[in-house]
Structures are given as structure tokens and as C-alpha cells.
Amino acid sequence: TNIKFGLPSSGEVNISIYNILGNEVWNYSKDHMESGYHTVRWRGMNDSGSKLSSGVYIIRLRSEKDIATRKVMFMK
């Protein structure tokens, strides 16, 4: 699954994925990303490498100036 996003200014980026119960299942952090459009690949696994089941997940993207939250359906 590709997570595509745009940054209006360069800076630190953090992407977290939560299950429907609110538990964080995956995290991506980058100390510095340039402004512009980016793609981060999520392979449907949690941080410990276990495969996640199909279902609804919440993606939260935090940058130095913004927070965006989206509900997504992950299907195998």
C-alpha cells in the first residue's frame, strides 16, 4: 500500500497507523523531508513484522506544521 502526501515546507515527518481499537500498529519517522510530494510504502505489517488482517485502519501524518488523519480500508 502506498501512502502519498504533499509537504508545503521541508521538515520532520511522522506517519502512524492505528487499528480500529486505537492501538498503533506501524510507525514511520523521517528527521528531514524536502517540500513536495512523497510516497511511503506500507507492506501491511506491524512494527514487529507480523502481517495485519484486512480491515479499517487510521493513518495519522504529522509534520512540523500540520496533522492529517484519514480512515483507510486495508485489503489483502
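**View 1. Five aromatic pairs are counted in this predicted model.** Rings of Phe, Tyr and Trp (its six-membered ring) pair if their centres lie within 6.5 Å; planes under 30 degrees apart count as stacked, over 60 as edge-to-face and the rest as tilted. Trp 26 and Tyr 28 are stacked, because their ring centres lie 6.3 Å apart and their planes meet at 15°. Trp 26 has 12% relative accessibility, so it counts as buried. Tyr 28, at 23%, counts as partly exposed. (Buried is under 20% relative accessible area, exposed over 50%, partly exposed in between, with a 1.4 Å probe and protein chains only.)

**View 2. Trp 42 and Tyr 57 form an edge-to-face pair.** Their centres are 5.8 Å apart, with 70° between the planes. The pair links distant parts of the chain, 15 residues apart. Trp 42 sits in the loop between strands E4 (36–41) and E5, and Tyr 57 in strand E5. (Strands are DSSP runs of at least two residues, numbered from the N terminus.) Both Trp 42 and Tyr 57 are buried.

**View 3. Ile 17 touches Ile 3, Trp 26, Trp 42 and Tyr 57, among others.** Residues up to four places away in sequence are not counted. (Contact means heavy atoms within 4.5 Å.)

**Notes.** Residues are numbered from 1 along each chain as its sequence is written.

Definitions and conventions:
Predicted model: local features only at pLDDT ≥ 70, side-chain atom pairs only at ≥ 80, totals over all residues. Heavy atoms only, no water. Helix = DSSP H or I, 4+ residues; strand = E, 2+ residues; numbered from the N terminus.
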